[in-house]
Amino acid sequence: MGDGPLVLLLHGFPEFWWAWRHQLPAIAAAGWRAVALDLRGAGGSDKTPRGYDAFTFAADITGAIRSLGERRAVLVGHGWGAYGAWTAAAMRPAHVDALAVLSMPHPLVLRRHLLRGRFRRSGSLAWVQTPMAPERRLIADDGAHVETLLRRWSAPGSAFPDDEASRHYRAAMQLWPAPHCALEYQRWLFRSLFRGDGRRFAKRVQDPLTMPVLQVHGVQDSNIDIDIAAASRELVAGEYHWLSLEAAGHFPHEETPDAVTDALLDWLVKQRDRHD
């Protein structure tokens, strides 16, 4: 939607591009070209048997920027989409003007956290490691477990997900092999902790980012403790803004959409002024 500099929005798990429905029109109206895509394996995207490692993830994102006719973009990511956005910014900074991340720490912070054995507060990461059982659980009863995850990870008493959101996300997960593809990102992260590709990845993302970063985190996020998310600050050498939202859990862009949209628009204005 819209015309202007490119803002590429990357969804998390268990969602697809529709997660950004609240932000897309507002960003476009503010003079940006807002594009929300389905990550590899999600929604209507190609569901390839491989390609869910972080190296390919970063290449997918910057490849999407180039396929849209642009060399650079502002990246906005949530959850696993934010993991990819952090990675693309670290590995291919020439293609990233600025970075906004929701509900996900820097990949190196997350890696250190997991290497210390702290899996309990890492969302679905622990239960997805077994083969096929998680996939079957996600599609059983017309995707009822998808709705369970959305409710469990939202702040207590949150109005999200409503019936419409539950219906859309449950339906999207039925597009086999979407459940398998979505979980492969998380499986790669876990397995890479003990392999050479994980060590190579850690080395590739260890340099602090020099582009502006906005980090948004829900205080009631039950997946990632807020202090872990905030530790990402040490890996940002450039301009850094932090926003914690008291009323939000893991899905601040859907639980508190107005607050997230306003924060993004204010921050995007600063990015435009910086270039002007």
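Axes, as I use them here, are lines fitted to C-alpha atoms, for helices over the stretch in contact, with angles from 0 to 180 degrees between N-to-C directions; contact means heavy atoms within 4.5 Å, and helices (H or I, at least four residues) and strands (E, at least two) are DSSP runs numbered from the N terminus. With those terms I looked up helix α12 (residues 257-275), and found that α12 lies across β1, β3, β4, β5 (213-218) and β6, running at about 165° to β4.

I note that this is a predicted model, in which local features need pLDDT of at least 70 and side-chain atom pairs count only at pLDDT 80 or more, while totals for chains, interfaces and linings use all residues. Residues are numbered from 1 along each chain as its sequence is written, and side-chain values use heavy atoms, with hydrogens and water left out.

**The sheet**

I traced an open sheet of six strands in the order β2-β1-β3-β4-β5-β6, with parallel pairing (two strands pair if DSSP finds at least two bridges between them). β2 and β6 (240-245) stand at the edges with a single partner strand each, so one side of each has no neighbour in the sheet. From one strand to the next the twist averages 15°.

I then went through individual pairings: β1 and β2 run parallel and are joined by five bridges, and L10 has L37 in β2 as its bridge partner. β3 pairs with strand β4 (residues 96-102) in the parallel sense over six bridges, where V74 stands opposite A98 in β4.

For burial I kept to relative accessible area, with buried under 20%, exposed over 50% and partly exposed in between (1.4 Å probe, protein chains only). In β1, five of its five residues are buried, with L6, L8 and L10 on one side and V7 and L9 on the other, so that both faces are covered.

**Residue L75**

I picked L75 in strand β3 and found L75 buried, at a relative accessible area of 0%. Leaving aside neighbours within four places in sequence, its contacts are L8, I61, I65, A85, A88, V96, A98, L99 and A100. I also checked the C-alpha atoms of L75 and R199, which are separated by 25 Å and lie 124 residues apart along the chain.

**Helix α2**

Helix α2 (residues 54-67) has 14 residues and reaches 20 Å from its first C-alpha to its last, close to the 20 Å expected at 1.5 Å a residue (the expected span is 1.5 Å times one less than the number of residues). I listed A54, F57, A58, I61, T62, A64 and I65 as its buried residues. Seen down the axis of α2, these fall within an arc of 145°, so they line one face of the helix; the arc is that of the directions from the helix axis to the C-beta atoms.

The buried residues of α2 pack against β1 (6-10), β2 (33-37), β3 (73-78), α3 (80-91), α8 (178-192) and α9 (196-204). The helix α2 lies across β1, β2 and β3, at about 145° to β1. Looking just past the end of α2, I noted that G69 takes a positive phi of about 85°.

**Helix α4**

In helix α4 (residues 107-115), seven of the nine residues are buried, so α4 is largely enclosed by the rest of the structure. I recorded the buried residues as P107, L108, V109, L110, R111, H113 and L114, and what covers them includes α3, α8, α9 and α10 (226-230). Just after α4, G117 takes a positive phi of about 80°.
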